[in-house]
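I opened the notebook to record what I looked up in this structure. The entries follow in the order I made them.

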Amino acid sequence: YIWGWHKASYSHCRFARRNPKELKKTLRHRRMVFVGDSMTRNLYYSVCRQLGMVDAGQYDATGPKHADFFNTIDDTSVDFKWAPLAIDQVATMKKLNNLAREMDLSKYDIVILGGGAWDRLHMFATDEDQESHRLTLTNLRKQMDSLRSFDTSVVWVTPTTINTPALNTEEKRDHMTEDDMADMRNVYTNLGILSSASFVIDGPAFTKDRVGESYDGVHYPHSIYDAGAQILANSLDWLLPKRNTDEPIKPLEPGSMSNPFLGLMMLCFCFIGLMFFDGFLGFSYVACLFVKGVLPSDLYTEAFTILHEKMKLPTVVASSSATAASFFTTATNKTGTVQSINSRVSRGSGSSAVDDEISALLGGNSGDLEMKSSR
């Protein structure tokens, strides 16, 4: 199976698959942290993969499991803090609150928090355990409310669906079946954990139809968590606090967007334009196939001769292949009288056709031409 996105019938629905480029743009210069157990850690790995870290979460039996992870992907900090029990999550949230309270630069923009499975497995056997757990959740709710008051979004992740037949230990089959976890989810809801969150990612919503793919009864393949990560990615549109415009943004390093091959191509174009006296990079020579006897290098002389004379600049030297070596110039006196217009046409080999055409246009002979105009 693969995940797909169906076009929503509701026209105002903004949920759509976010590609790595869009996600990186949204999370640029942001800091986010995941706090929780292995379910939350798999969601963390999925977000890292969708930010471009393709090897995040690869199966490695020798690697650390119950540990913290810190990653910086481009301009985004994505961290994970191992806190499987509710009491561990309270301790971590207190530290995050202290960072926010002190306006520490290392404070996070968004916290993704999840748990419940380890508490159901290890801390829920007796009435005393259950009462202690309820008190811990009450404290956790206060820490979540406090962190939100410092303009930090808190996302709660409910435990994913348990595949009871696939549970691989007797302890899990006794204390962590799907029915047990359904009761635990209700405990968190009734004690206000979900209502204290800025947003809730409902684990069963993207796993209940894929429960058969849970290989150990608790965890799922990477593609399943990718759906949860996309839900989180869409929610970032309104969860992230407004960016501080005074915050300095590190510019790209010189040459980071360079391409040697494109640079070489531009140098070649410049060389062609200079060597052939053609601002169109040599393509003007295609016109020579239709107009005989006129080259773009000759047009250069025609275009700039009058300008040089008007601005009293050095005379433009005609190219050796030019058929028309000089052009008409006009001198006007103070009373506006046109004295004379002289044109001399050099006689080169193969230039008689051009001379005849100029002569016909001016109504004169093909020799030296003189036009006179009276007042």
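**Entry 1: around H29**

I began with H29, which I found in the loop between α1 (20–26) and β1. I kept in mind that the model is a predicted one. Is H29 buried or exposed? Its relative accessibility is 18%, so I put H29 down as buried; the limit for that word is under 20%. I then looked for a partner. The side chain of H29 makes a polar contact with the side chain of R28, at 3.3 Å.

I moved on to R30.

R31 came next. I noted its charged end over the ring of Y108, 4.3 Å from the ring centre.

**Entry 2: salt bridges**

How many salt bridges does the structure hold? I wrote down ten. I looked at some of them one by one.

R30 has its side chain in a salt bridge with that of D109, 3.8 Å from N to O. D109 is buried, with a relative accessible area of 14%.

R49 and D226 form another salt bridge, at 3.2 Å from N to O. Where do the two residues lie? I found R49 in helix α2 and D226 in helix α8 (residues 222–239). They are 177 residues apart, and the pair links distant parts of the chain. I checked the cover on each side. R49 counts as buried at 15% relative accessibility. D226 is partly exposed, because its relative accessible area is 24% and the buried class stops under 20%.

R185 and E178 also meet through their side chains in a salt bridge, with 3.0 Å from N to O. R185 counts as buried at 13% relative accessibility.

**Entry 3: aromatic rings**

I turned to the rings. The count of aromatic pairs comes to nine. I took F34 and Y44 from the set. Their ring centres are 5.6 Å apart and their planes stand at 65 degrees, so this pair is edge-to-face; that label needs planes over 60 degrees apart. F34 lies in strand β1 (residues 31–36) and Y44 in helix α2 (residues 38–50), so the pair ties together parts that are ten residues apart in sequence. Both residues are buried.

I then looked up W156 and Y188. Their aromatic pair is stacked, with 5.3 Å from centre to centre and 25 degrees between the planes. W156 is in strand β5 (residues 153–157) and Y188 in helix α7 (residues 178–190). The pair links distant parts of the chain, 32 residues apart. W156 is buried, with a relative accessible area of 1%. Y188 is buried too, at 3%.

Which residues share one aromatic cluster with F34 and Y44? I listed Y45, F69 and F80.

**Entry 4: out on the surface**

I finished with a nonpolar surface patch of about 730 Å². F280, F283, V286, L289, F290 and V291 make it. F283 is found in the loop between α9 (260–275) and α10 (296–310). F283 has 60% relative accessibility and therefore counts as exposed, a word that needs over 50%.

Terms used. Residues are numbered from 1 along each chain as its sequence is written. This is a predicted model: local features need pLDDT of at least 70, side-chain atom pairs count only at pLDDT 80 or more; totals for chains, interfaces and linings use all residues. Side-chain values use heavy atoms; hydrogens and water are left out. Patches are made of residues with over 30% relative accessible area and no salt bridge: like charges are joined within 9 Å, nonpolar side chains (Val, Leu, Ile, Met, Phe, Trp, Tyr) within 5 Å. Accessible areas come from the Shrake-Rupley method with a 1.4 Å probe; for residues, only the protein chains shown count as cover. A salt bridge is a side-chain nitrogen of Lys or Arg within 4 Å of a carboxyl oxygen of Asp or Glu. Helices (H or I, at least four residues) and strands (E, at least two) are DSSP runs, numbered from the N terminus. Buried means under 20% relative accessible area, exposed over 50%, partly exposed in between (1.4 Å probe, protein chains only). Rings of Phe, Tyr and Trp (its six-membered ring) pair if their centres lie within 6.5 Å; planes under 30 degrees apart count as stacked, over 60 as edge-to-face and the rest as tilted. A charge sits over a ring if NZ of Lys or CZ of Arg is within 6 Å of the ring centre and within 35 degrees of the ring normal. A polar contact is a pair of N or O atoms within 3.5 Å; within protein, one must be able to donate a hydrogen and the other to accept it, and residues adjacent in sequence count only if both atoms are side-chain atoms.
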